[in-house]
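Let's take a walk through this one, strands to begin with and then a pair of helices. Have the viewer open and follow along.

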Amino acid sequence: MLLEVRNLHASYGDAPALWDATLDVAAGQIVAVVGPNGAGKSTLINTIAGILRARKGEIRIDGADIAKIQSHRVCEHGIAIVPEGRRLFTHMTVLENLELGGWRADARALREGSLEKVLSLFPILKERRHQIAGSMSGGQQQMVAIGRALMARPRLLLMDEPSLGLSPAVVDDMFRIIRTINERGVAVLLVEQNIHKALEMAHHAYVIEQGRIVASGKPDTLLSNPRIREAYLGV
Ligand SMILES: Nc1ncnc2c1ncn2[C@@H]1O[C@H](COP(=O)(O)OP(=O)(O)OP(=O)(O)O)[C@@H](O)[C@H]1O
Ligand SMILES: [Mg+2]
């Protein structure tokens, strides 16, 4: 298994935010974690990325426990994150932002090829590579954030609400891009409030509420679960 999370607990100071989370991502899969505002989605993904430290539990990548390693070493295990709100260097150019994603020694050696791939995935970024990132549209900035993560050559891409704040047409583009990235061999752990879109493309999904994973399964199974239909689909 590419990613195995076992009984993961996380907290902010003394305030717990994630209890006993257990989930798997197989190589090549898209796995969605859906849940409402404040459910703990970012907490989960940031803990896997090493941005937050796990209180308890295990995070294994290809069997190696990464829960206790230093956060800057997590990327050495092939994990990259597209954080909530993108977190670009808005005063820097598109190209400078992308290059920052590929600083790690092994990624740096492949940087030219990676850049070519990213710019072919996002032709608009190629056109605007010298533009200041902060002056671009929300969708284009999200592309820069995704491109920056891809520059690290991840096997597992963690994405925190990539559709947030984007217009419906741009959201569709974003999900198409995620599918393309996945088809090129990158596993994706996708955290979303947009349950419809996320479940449409996921191979497997988890539902998180108030810091706990309360349901999991194939998207079709979850979509036919009466409680989930009522809570998330309003039917
Ligand atoms: N830096 C922080 N300090 C203290 N509490 C926090 C912090 N960040 C999040 N929390 C709390 O942890 C819980 C989970 O928050 P989290 O951001 O993980 O939710 P989320 O599912 O990502 O929500 P959203 O959909 O709004 O992004 C919430 O109760 C939130 O208030
Ligand atoms: Mg969040």
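This is a predicted model: local features need pLDDT of at least 70, side-chain atom pairs count only at pLDDT 80 or more; totals for chains, interfaces and linings use all residues.

Residues are numbered from 1 along each chain as its sequence is written, while chains are lettered from A and ligands numbered from 1 in the order in which they are written.

β1 runs antiparallel to β2 (residues 15–25), with 7 bridges joining them; strands pair if DSSP finds at least two bridges between them. Leu3, for instance, has Val25 of β2 as its bridge partner. The β1–β2 hairpin has 2 residues between the strands, and Gly13 there takes a positive phi near 60°.

β1 also pairs with β4 (residues 56–61), again antiparallel, through 5 bridges. Here His9 is bridged to Lys56 of β4.

Now for the helices. α6 (residues 138–150) packs on α7 (residues 168–183) at about 15°, with the axes 10 Å apart. (Axes are lines fitted to C-alpha atoms over the stretch in contact, and angles run from 0 to 180 degrees between N-to-C directions.) That angle makes α6 roughly parallel to α7, a label for angles under 35 degrees. Gly139, Gln142 and Ile146 of α6 meet Val170, Asp173, Met174 and Ile177 of α7, where contact means C-beta atoms, placed from the backbone, within 7 Å.

Conventions: Helices (H or I, at least four residues) and strands (E, at least two) are DSSP runs, numbered from the N terminus. Angles under 35 degrees count as roughly parallel, over 145 as roughly antiparallel, 65 to 115 as roughly perpendicular and the rest as oblique. Two residues are in contact if their C-beta atoms, placed from the backbone, lie within 7 Å.
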